[in-house]
Amino acid sequence: MLRGKNIVLGVTGGIAAYKAVEVVSRLKKAGAAVHVIMTEGATKFVTPLTFRELSANPVAVHMWEEPKTWNVEHIALATLADIFLIAPATANIIGKIANGIADDMLSTTVMATKAPVVIAPAMNTNMYLNPITQQNITKLASLGYRFIEPATGMLACGVEGPGRLAEPSTIVEYVGNLFNRNCSLQGKKVLITAGGTREPLDPVRYIGNRSSGKMGYALAGAAAARGAEVLLVSGPANLPAPQGVTVISVESAQQMRDAVLAQYHDADIVIKAAAVADYRCVKQAEHKIKKNDENLTITLEKNPDILAELGRLKTKQILVGFAAETEQLVAYATEKLNRKNADMIVANNVMLPDAGFNTDTNIVKLLYRDGRIEDLPKMEKTKLAGIILDRICSLM
């Protein structure tokens, strides 16, 4: 995902500095060359040696160290960077950058770079919510600096609230999406569904499927990174909300239909990646169904076909559906494409290894209205999300 890219990582003096170790590891595994700049405070939490060994590059700390090369080091790193990432970013470094202060290696290098700067704040809740910090963040955002919002939870100081550093996986995925912007979705409204639905039988049981929601969440994060306003209608999924995405949580197919139709009119692009149950129980039991010696018969009725309904109502929208099959993949996906008036179908055989539900990879075919079929090899769902968005841009 990041092969051949140079990432300059700034690490500042907060307890979350230890998470930057995993950020470096993940960036390297994604193929990036990583160059770390640490503040003096950061070295109190993690040693430069740790980052040097993981990145396989020298670590810069002080302005006045003996230079590693003949280049002026802060200028060399500023020029080298394809992305300049600061994680964790304290209130101090955010304040320095916002007010043009360049008094150490990190702040000076940021001042000199022309690369996109991505800032992942991490600090005490009260510090993060302090009007001065918020004013600095707003100012930097207006100047084009990008922010990865902190998570909410219990902090090291014992306070619960916003301020936890975003997960390393979230940070690396965000950085990867910045490079995967062959087409911009700035100003576009994108509606995506993800996860499986649950159809209740009684208060404790339901009919469901194996969908994890990973593909839909990857699409939502990638679309947001390209500048889109993204609304994700999600069935139950044990996944963090993608950065910059509004999530509407639902359970049943009927709830998902209602949520999608409420937003459909304003959408420019609709991607139906959810695995929606085809049937539901005719009558949900009021109390838990008790086991006895008799066989149990449950009568099912059809759920609304959301994709078909969207196809009938389509005006300006680009409509993309998914087809998860176990046999006759092309035949079934082609029939779905035509019958439901979709512009593209992403089809995959869930019986193949490392494809389909609950995996980080997928193997798909893209089917188009003009009869074209594009075979894609096995790849990470995050990478596949970018390709799907590229193809949608070509349809637009």
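Is R164 buried, exposed or partly exposed, and what is its relative accessible area? R164 is partly exposed, with a relative accessible area of 30%, where buried means under 20%, exposed means over 50% and partly exposed lies in between, for a 1.4 Å probe and protein chains only.

Before I go on, please keep in mind that this is a predicted model, in which local features need pLDDT of at least 70 and side-chain atom pairs count only at pLDDT 80 or more, while totals for chains, interfaces and linings use all residues. Residues are numbered from 1 along each chain as its sequence is written, and side-chain values use heavy atoms, leaving out hydrogens and water.

Let me stay with R164, which forms a salt bridge with E167, their closest N and O atoms being 3.9 Å apart; a salt bridge here is a side-chain nitrogen of Lys or Arg within 4 Å of a carboxyl oxygen of Asp or Glu. In general, side chains of opposite charge can pair when their charged atoms come close. The whole structure holds 22 salt bridges, including one between K378 and D354, with the closest N and O atoms 3.1 Å apart. That pair links distant parts of the chain, since K378 lies in the loop between β20 (373–375) and β21 (379–380), and D354, 24 residues apart from it, lies in the loop between β17 (344–349) and β18 (361–362). Strands here are DSSP runs (E, at least two residues), and helices are runs of H or I with at least four, numbered from the N terminus. Salt bridges that share partners also join D305, E335, R339 and K340 into one network.

Now to a record: an unreviewed UniProt entry lists, under "binding site", D278, K288, P304, D305, I306, L307, F322, K336 and K340, and such annotations may be inferred rather than shown by experiment. These positions spread over 63 residues of sequence and, in space, up to 37.3 Å between C-alpha atoms.

Two of the listed residues deserve a look. D278 sits in the loop between β13 (269–272) and β14 (279–281) and is exposed, at 56%. Leaving aside residues up to four places away in sequence, D278 touches E301, K302 and N303, contact meaning heavy atoms within 4.5 Å. L307, by contrast, belongs to helix α11 (residues 306–313) and counts as buried at 6% relative accessibility.
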